[in-house]
Amino acid sequence: MQNNFLRAIFMAIMLVLTWSSLHASWIYTETNTVANGVSKGSLTDGVWTFYAYREKGAVTELTVDASKGGVSIDPAAPAKIDFSEIEGGYKVVKFAGWRNSASPLCLYTTEFIAPHCTTLSEQDVFSGNLNLTKVEFCKDEPLSTAGSPDRYFKNCTNLVTFEPRRIKGVLGDMFLNCSGLEGAFEVVDATTIAAFSGCSKLGEITLRKVNTIGQYAFDGCTSLSNIVIGTPITKIGNYAFRNCKNLTTEIVQRLLSKDLTMWGNAVNNRIGCFMNCTGLTGTLVIDLPNLVTNVIPASCFSGCQSLERVEIKSEELVDIGADSFSGIKTGAEVVMPKNVIKGVFGARAVWNKNELYCVPYPKICLKGDVEAWLQKIKVNHYMIEKSGFEDSTWDQAEISG
């Protein structure tokens with residue numbers, strides 16, 4: 001009987017603690033203590049307390065300092081940080097001691113609400129926080145990033161609510177692997193972007209001034225269905241749109257304008273830009289006269305299994321990389337330019353995986369000097385001359401090679 005009574009008390013305590021942890025919140029309280037123009041305050045959840053401070057009466061920085069407070073910071077449970085009660089007086093939120101190895105508060109925050117903040121400072125602020133579900137800054141202005149924003153919210157896989165959706169400044173890997181973020185974002189003034197890899201629920205992105213899409217920028221953005229660009233794209237990095245299964249041919253065609261000067265990371269490092277974009281259908285035209293090196297990257301459209309036709313109109317083409325169009329739709333056509341490429345026709349550039357069982361095979365349409373084209377292609381592709389096509393002595397082992 002006594003054991004049951006003790007067990008009931010224990011369960012009641014645990015329920016209270018659980019309820020408290022789910023509803024815990026660090027609340028900012030500002031004092032009238034002023035030293036050297038700084039108004040001190042504290043941020044507390046009722047148990048643990050640390051300093052927060054700002055210059056008195058100035059629209060300036062609010063600093064959250066987890067390295068001070070008079071107590072050892074060791075949060076009992078994840079909790080919300082809410083600056084809603086502060087009457088303005090700050091535009092920038094800075095962090096100190098936030099990633100302290102003994103008590104990393106960045107990992108204990110469930111919500112961060114700072115409605116007057118327009119600029120977020122310091123990198124790695126919430127990186128790796130699996131408890132973070134909601135972040136709200138000033139909704140009336142774009143959020144500015146100060147310094148290097150790399151990894152601000154990297155791997156915050158449960159982050160769903162984020163305001164504002166307009167970002168100003170350099171993004172770096174700001175939202176890397178934020179797989180819970182849905183809807184649309186707008187990049188206001190950055191010219192380079194590589195921030196949304198692994199954001200599998202991101203639906204739309206508006207790029208006002210971006211001309212360079214970095215490597216892995218939207219890799220794994222499987223829900224991305226619309227890209228609005230305000231200026232021509234001049235560079236697309238390796239794997240920039242890999243696995244973007246909802247991108248349409250129309251959008252990709254818009255990205256591949258005649259202003260493009262480089263796809264891939266560098267002249268000798270180009271691969272996989274639109275790999276596994278299974279939403280591409282119909283005809284894709286490649287006419288890129290301003291490429292620094294006129295090459296179709298390796299595996300560029302590999303796995304685009306619904307793509308029915310590719311027309312290559314770049315007459316000064318040098319190389320067609322290995323696996324460039326491997327795995328496109330069964331029976332698809334790839335129309336080569338009139339001029340024979342000067343360099344390499346890569347291995348499996350046009351083919352189907354397990355090609356012996358994927359019929360009809362892709363068609364390579366040649367024009368101009370067909371014999372020269374055939375000589376170029378046959379180095380890396382099995383070919384049977386017409387005179388030997390009915391030769392019954394060929395067997396499957398020889399054909400599959």
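**Salt bridges in close-up**

**View 1. Lys 329 and Glu 308 form a salt bridge.** Their closest N and O atoms are 3.6 Å apart; a salt bridge is a side-chain nitrogen of Lys or Arg within 4 Å of a carboxyl oxygen of Asp or Glu. Lys 329 sits in the loop between strand E23 (319-320) and strand E24 (333-335), and Glu 308 in the loop between strand E21 (295-296) and strand E22 (309-312), so the pair ties together parts 21 residues apart in sequence. Strands (E, at least two residues) are DSSP runs numbered from the N terminus. Lys 329 is partly exposed at 36% relative accessibility, and Glu 308 is partly exposed at 37%. Buried means under 20% relative accessible area, exposed over 50%, and partly exposed in between (1.4 Å probe, protein chains only).

The model is predicted: local features need pLDDT of at least 70, side-chain atom pairs count only at pLDDT 80 or more, and totals for chains, interfaces and linings use all residues. Residues are numbered from 1 along each chain as its sequence is written, and side-chain values use heavy atoms, with hydrogens and water left out.

**View 2. Glu 141 and Lys 91 meet through their side chains in a salt bridge.** The N to O distance is 3.9 Å. Glu 141 lies in the loop between strand E9 (134-136) and strand E10 (143-145), while Lys 91 belongs to strand E6 (residues 90-96), so this contact ties together parts 50 residues apart in sequence. Glu 141 is partly exposed, at 38% relative accessible area; Lys 91 is partly exposed at 33%.

**View 3. Arg 309 and Glu 311 are joined by a salt bridge of 2.9 Å, N to O.** Arg 309 has 26% relative accessibility and counts as partly exposed.

**View 4. A network of salt bridges links Arg 166, Glu 186 and Arg 208.** The structure holds 12 salt bridges.

Terms used. Helix = DSSP H or I, 4+ residues; strand = E, 2+ residues; numbered from the N terminus.
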